[in-house]
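Hello,

Here is the model I promised to pass on. Have a look at it first, and my notes on the contact between the chains follow below.

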Amino acid sequence: MKFKAVMYESLSMKNLSFLGNTLNKLTKNCVLRLTKAEMSFLVCEENSSPKQISLWCFIDARQYFNEFIVEAMGPTCEIFLEFPTDMFSSSLSSLKTGNSSPRSVKIKLTNKVSPCLTVDIDLVSDIGMSRTCVHDIPVKVLPRLLWSEYNDPPSHNYNIIIELKNLKKVRSVVERLKKLCSYVELKPSNDGLLSVSGSTQTVTVNTIFKNVLLIEAAGDAESNVRVDAKKLYSLLCCEVLNPKKISCSFLESKLVHFILYCDLFMVHFYLTTIEE
Amino acid sequence: MEAENTEPHYVLTGKVDNVKNLTQLIKCINFKEVAVFFASKNGIKIVVEDSKCVQASAFIGTDIFTEFTINEELVSFRLDINVLLECLSMFDQGSNQASLNLYYRDHGFPLRLVLVEEDVVTDCSIKTLEALEILHFDPPGERVYNKMIADGSGLKEFFADLDSGSEYLDIQMSKTQPNFIIRTESTAGRCEASVSQDAEWIEEFVSHGQSLSRFKLTQFKPAIKTIQAAKKVSFQLSREGLLCLQFVIMTESKQLCYIEYYCTPVIIDDDDDETILSQEF
């Protein structure tokens, strides 16, 4: 089993540390899935049985990294690792600090007493001093038996698919709403509107976003979903990854599926309805 | 939408081009949950009270509104000020200014706020409660004992040194220099700031004799928050020690609004009183 990834571009490094931060906000432990061409982070719902995955982040590794090698046994040649997100995000934090610029980042799977994900960052300071910063993150290599639990995102026949033009605004509205109420209702309409509403004993708030592009609509079925406000907010924080396009698909009144298309990676997340 | 079809009769409607003008004022008086809302042909007054000792009112004149209609002499109700503030600041993070339309139909109906920012519309309905009687403090007016008018920025710096761990705040005003002294005392020590009436940021100082009043610092804190936003502050102490502060606040669109703040003093224990006075004189 072998894994090594190297990158030299500063923009990608910045994105990687953003991603580490976002994962840290969402969950304590995250699963990293490695294949020959792809690297994906999977976030599972805490305390759920059977396992429910709420977020997938696929990275086109061959383009994102300058060097990307995965070697493993078996026909699919895959590696599954589970690691603590707080350590991952703090290991990458030196990529953001202003006074020294990172030259390269290497991520390797190493065996130091226990299996570790080693993050090796080469930094150059303003006056030309170079230093290397190495972090070892203990990981759990998941046995093949458990692999089947980490499937690709399920595909459904969605009722309505829309494209959101301004996720930042949606996020800031949801941020206010979560202070007022614990659940938020999302309701798309066939004429290009998305309504985000919440209500409590003292107040009802309904926000309508007009600039929504309808991609696909099948039938006139009701497709409003009522989701946990805090969770929706923490997922919408992915907006810092600066996606080019965001699509939002609704399945009846059951779930909503967000896809964030970024330059070299893609983030999927699912939220299911919470009944009143 | 349905409201527009049936054209309900509103007793109060208002329109503000930049909602931040309102949020700025309401933030200053947001120290308790419930606020009383009054509207008359002169504008809107929002009053917040705490334990029958502190009262803060924000006056929003009709000039802040681009449209303002009222069909009754006086409209009054209570509402949750935190909810009001959250609703008004819905688009605070946006770069564009949001406009606000405000509707109130009648007794028992919710206060409806419609905020518009570019292509996003928010419609909030805040439940209202019956207005309860509020405290009536007489403005010191003629009976004022000590009075000072100061620049907000100067007074802000003056109050910045307060020890926030203290339970009380003593304010002393007198004819002799230094004319204005504030004092706090906590386990960390005694902290005193004094200034004479010739200071650059003091515009006017009128004193009829020495007065020393003590206030609960927690009750004074909302006033400190308001000083930071104020352009001018009038600081008045009555003979009985009642504190009356009046703030002039400049909104983002350069209109003037007023906030008034009353705070009753607490009784100073005789022993403490003696020590403080003996140290001074």
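Across the interface of chain B and chain A, 11 residue pairs are in polar contact, both residues at pLDDT 80 or more (a pair of N or O atoms within 3.5 Å; within protein, one must be able to donate a hydrogen and the other to accept it, and residues adjacent in sequence count only if both atoms are side-chain atoms).

On the chain B side, the elements that give two or more residues are α3 (81-88) and β9 (120-126); helices (H or I, at least four residues) and strands (E, at least two) are DSSP runs, numbered from the N terminus. The largest share, 7 residues, comes from β9(B).

In total, 19 residues of chain B and 21 residues of chain A take part in the contact (heavy atoms within 4.5 Å).

A note on reading this: the model is predicted, with local features needing pLDDT of at least 70, side-chain atom pairs pLDDT 80 or more, and totals for chains, interfaces and linings using all residues. Residues are numbered from 1 along each chain as its sequence is written, chains are lettered from A and ligands numbered from 1 in the order written, and side-chain values use heavy atoms, without hydrogens and water.

Best wishes
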